[in-house]
Amino acid sequence: MIACALIPRLSLTSALGDRREMLRAPVAVAPEPGGPQVIGEASGPAEAFGVRAGMRLAEALARCPALVLVAADPVRAEAIWEGSLARLERLGAAVEPTRPGEAFFATEPLRGLYGGTEAVLAQARRALGAWVRLGAGPNRICAHAAAARMRARRGPTVIAEQAAKRVLAGLSVSVLRDRLEGEWDGRSTNHAAPRREAEEAACVDSLERLGVRTLGELATLPADAVADRFGRAGLRALRLARGGEEPLRPRAPREQLACELRLPEAASGQQLEHALGLLVDRLLAHPARRARMLRRLRIEARLAGGGGWRTETTLRSASANPERLRLALAPRLAELPGPATTLRLRALELGPEAGEQGALSRSPEDERRNRVAEAVRQARAAGGRDAVMRVVEVAPGSRVPERRAILAPFTEERDG
Amino acid sequence: MAESPSGSRPEVYWPKPVAVSADAAGAPVAVGDVAVEAVREEWLVEDRWWTPRPLQRRYFEIVLADGRDIVVFREPAEPPEAGRWFEQRA
């Protein structure tokens, strides 16, 4: 059995904070600064207008002109979610988080500790709190459906193996959108993944347009016909609709290594750089680091104007040199969309304990990156700053070609 | 056709004016001095019909006698573009 822990609209409720009454109006999470122009989670009244997470901002506003956008607070949402995942892991669960507010874990390994599936869910509920919805089923879709149906007074629901086919048959094909897209979240390392993700989302849209409304209707279609029309994405959808499942891929539990600094007044510019320098020193002095070097770091900030912001930096080689860390992190502060009230530095990946040792030869990717950066510098020296630009796709599917992409300044750190 | 939004900076996919001769049915027969060998595809794009300046383009994907495969379109017959032809990556 697979269990699902669900916090509906976690990003939205985190962004709203204590303004929960706004959930009664059409409201959605605004696009993150510097990110794609798509909205985040939407409230029930907004969904009634056809607005949904991942929709382009212009389309969402066209569908619901009264839509209110709230600044995203990914830092807060992640803190809440990370706390929930850590509590599940403390129970012994190997957790696969798919997106903020949704995670799966196998109940079989925990049955020896707590009893049957219901007992495992009851234990998880005690650990997470009554506001987290829990459910279990033979696959992820059934487990999610069970969790979504849970009512606070009645406790977690379990969909038995025998009932799974009937439950799946009644579900809308739109549930595949989350499952197909979710399979690539944070796991894909190749460049074809975004295209594949778009193909899979388009597959679900096409199914709906063709009148295939439920998983039951999809499951009855012949596999060769689905493959002809939708290719690989269609076959994956068909396998899920027929109850097929891929094994869970739980995350490796990790240590939390972070330092936070409250800024006495909303800070920006040099003040912020100074604060970052202090955080670097504190993180390096953190006892949990145990002399290991830092490889990947995240800067998080709470903004004076509401909402949060975060950015990640991966060092080319792990380092514990404060000067080098400051040099790598400080340029990122320029991306901060407004003055911050709190700054936090988090180590996401740690390197080995040993001291730094330069590689005898560079990797082909580093070599390529250096060559690109050098070419950009040379082109700019000869032709000015606009000599090298980056193509940003803004509406890749537009029928009017000139609306599909724009040119934006090329930044060496991000694009090189 | 509006000016490129960034002024002199080239934009991706931005249409470039091109001299096209068309037959009575409106299909291109030559681009500059080069004859059109074949029209591979033809389609119509209509957009912004709810605005005072609707967009209506008749696109042709053509193969030229020199082997190039290009896409051209014609603006509608209203001024200021009044039937001008453009080449575009599409």
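I started with the side chain of R289(A), which has a polar atom 2.8 Å from the backbone oxygen of L284(A). I call a polar contact a pair of N or O atoms within 3.5 Å; within protein, one must be able to donate a hydrogen and the other to accept it, and residues adjacent in sequence count only if both atoms are side-chain atoms. The model is predicted, so local features need pLDDT of at least 70 and side-chain atom pairs pLDDT 80 or more, while totals for chains, interfaces and linings use all residues. My bookkeeping: residues are numbered from 1 along each chain as its sequence is written, chains are lettered from A and ligands numbered from 1 in the order in which they are written, and side-chain values use heavy atoms, with hydrogens and water left out.

Where does R289(A) lie? I found R289(A) in the loop between α13 and β9 of chain A. Helices (H or I, at least four residues) and strands (E, at least two) are DSSP runs, numbered from the N terminus.

Is R289(A) buried or exposed? R289(A) has a relative accessible area of 12%, so I noted it as buried. For these words I use under 20% relative accessible area for buried, over 50% for exposed and partly exposed in between (1.4 Å probe, protein chains only).

I then listed what R289(A) touches, not counting residues up to four places away in sequence: L257(A), L283(A), L284(A), L294(A) and A320(A). Contact here means heavy atoms within 4.5 Å.

A291(A) turned up in the loop between α13 (269-285) and β9 (294-303) of chain A. Its phi is positive, about 65°, although A291(A) is not a glycine. A291(A) has a relative accessible area of 47%, so I put it down as partly exposed.

**V68(A)**

Next I looked up V68(A), in strand β3 (residues 68-70) of chain A. At 36% relative accessibility V68(A) is partly exposed. Leaving aside neighbours within four places in sequence, I see V68(A) in contact with M22(A), P26(A), V27(A) and A28(A). I also checked A42(A), 26 residues from V68(A) along the chain: the two C-alpha atoms are separated by 9.7 Å.

**Chain B on its own**

Chain B has 0 helices and 7 strands, and I wrote its order from the N terminus as β-β-β-β-β-β-β. Of its 90 residues, 34% are buried. Among the contacts in chain B with a separation of 6 or more, 37% come from residues 24 or more positions apart.

Y13(B) went on my list for a positive phi of about 65° although it is not a glycine. Y13(B) sits in the segment before β1 (16-17) of chain B.

**Aromatic rings**

How many aromatic pairs are there over all chains? My search of the whole structure gave 5. Rings of Phe, Tyr and Trp (its six-membered ring) pair if their centres lie within 6.5 Å; planes under 30 degrees apart are stacked, over 60 edge-to-face and the rest tilted.

W43(B) and Y59(B) are stacked, at 5.2 Å centre to centre and 5° between the planes. This pair links distant parts of the chain, with W43(B) in strand β4 and Y59(B) in strand β5 of chain B, 16 residues apart. W43(B) is partly exposed at 28% relative accessibility, whereas Y59(B) is buried at 1%.

I also looked at W49(B) and W50(B): their ring centres are 5.2 Å apart and their planes at 85°, so this pair is edge-to-face. Both W49(B) and W50(B) are exposed. Ring pairs also join W43(B), Y59(B), F73(B) and F86(B) into a cluster.

**Where B meets A**

Last, the interface. I get 18 residues from chain B and 12 residues from chain A in the contact. Between them the chains bury about 1200 Å², 52% of it on carbon and sulfur atoms; buried area is the accessible area (1.4 Å probe) that two parts lose on being put together, summed over both.

The rule finds 2 salt bridges across this interface, taking a side-chain nitrogen of Lys or Arg within 4 Å of a carboxyl oxygen of Asp or Glu. One of them joins the side chains of E402(A) and R57(B) at 2.6 Å, N to O. I count 4 residue pairs in polar contact between the chains (both at pLDDT 80 or more).

On the side of chain B that touches chain A, β4 (34-47) and β5 (55-64) each supply at least two residues. By class, that side has 10 nonpolar, 1 polar and 7 charged residues. I count Ala, Val, Leu, Ile, Met, Phe, Trp, Tyr, Cys and Pro as nonpolar, Asp, Glu, Lys and Arg as charged, and the others, Gly among them, as polar.
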